[in-house]
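Subject: Structure for you to look at

Hello,

Here is the structure I promised to pass on. Please open it next to this email and follow along.

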Amino acid sequence: MPTENQIIGGLRLRVLELEALNKIFRRALEEMKAEEGQREIDAEALAVCVWTEDPDGIWTGPCGVAWEFDNDGPEENRCRYCPRCGGKIEAHPYEDEEGEQDGD
Ligand SMILES: [Zn+2]
């Protein structure tokens, strides 16, 4: 049978081990959180980037992209992803007066 001091000594050792494990787990958790944050940023980059054409034929998106095609728009030029944010392009061509209008 171990003596009382041996038992207390053993328990102190266990506490130190658990504290060390606690630190390791905390660090692993911080790393996982950091990775998760990175994944969220990647997911954002894959979101849709809505491109709207202005009367001059310049296409702009919410990420600050401004792009001009020699002819037509992103769909006709097989441009599917925004070169600035990497989002999938959703093209909204400029509508002239003959096109769709929101009535007053
Ligand atoms: Zn974009």
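The protein chain has one helix and four strands. Helices (H or I, at least four residues) and strands (E, at least two) are DSSP runs, numbered from the N terminus. Read from the N terminus on, the order of elements is α-β-β-β-β.

Two points before you start. Residues are numbered from 1 along each chain as its sequence is written. This is a predicted model: local features need pLDDT of at least 70, side-chain atom pairs count only at pLDDT 80 or more, and totals for chains, interfaces and linings use all residues.

**Confidence**

pLDDT is the predictor's confidence in each residue, from 0 to 100. The protein chain has a mean pLDDT of 87, and 86% of its residues reach 70 or more. Among the elements, strand 2 has the highest mean (96). Helix 1 (residues 4–45) has the lowest (86). Where pLDDT is low, the predicted coordinates should not be read in detail.

Four strands form an open sheet in the order 3-2-1-4, with mixed pairing. Strand 3 (66–68) and strand 4 (88–92) stand at the edges; each has a single partner strand, so one side of each is left without a neighbour in the sheet. On average, neighbouring strands of this sheet are turned by 30° against each other, direction ignored. The axes behind that angle are lines fitted to C-alpha atoms, for helices over the stretch in contact, and angles run from 0 to 180 degrees between N-to-C directions.

Now the pairs. Two strands pair if DSSP finds at least two bridges between them. Strands of a sheet pair through backbone hydrogen bonds, either parallel or antiparallel.

- Strand 1 and strand 4 run parallel and are joined by five bridges. Valine 48 has lysine 88 in strand 4 as its bridge partner.
- Strand 1 and strand 2 are antiparallel, with two bridges. Here glutamate 53 has tryptophan 59 in strand 2 as its bridge partner.
- Strand 2 (residues 58–60) and strand 3 are antiparallel, with three bridges. Threonine 60 stands opposite alanine 66 in strand 3.

Strand 1 and strand 2 also form a hairpin, with four residues between them. Look at glycine 57 in the turn: its phi is positive, about 85°.

**Inside and outside**

A residue is buried if 20 or more other C-beta atoms lie within 10 Å of its own, exposed if 12 or fewer, and partly exposed in between; C-beta atoms are placed from the backbone. Of the 104 residues in the protein chain, 9% are buried.

The largest nonpolar core has five residues: Cys49, Trp51, Trp59, Cys82 and Ile89. A nonpolar core is a set of buried Ala, Val, Leu, Ile, Met, Phe, Trp, Tyr and Cys residues joined through C-beta atoms within 7 Å.

Two residues are in contact if their C-beta atoms, placed from the backbone, lie within 7 Å. Leaving aside neighbours within four places in sequence, isoleucine 89 is in contact with several residues, including Cys49, Trp51 and Cys82. Among contacts in the protein chain with a separation of 6 or more, 38% are between residues 24 or more positions apart.

- Glycine 73 is partly exposed, because it has 18 C-beta neighbours inside 10 Å. Not counting residues up to four places away in sequence, it touches Glu53, Trp59, Ala91 and Pro93.
- Aspartate 72 is in this loop too. Its phi is near 55°, a positive value in a residue other than glycine. With 12 other C-beta atoms within 10 Å, aspartate 72 is exposed.
- Arginine 78 is also found in this loop. Its phi is likewise positive, near 55°. Arginine 78 counts as exposed, with 6 C-beta neighbours inside 10 Å.

**After strand 4**

Proline 93 sits in the segment after strand 4. The C-alpha atoms of proline 93 and glycine 73 are separated by 7.3 Å, and the two are 20 residues apart along the chain. Proline 93 is partly exposed, with 16 other C-beta atoms within 10 Å.

Best wishes
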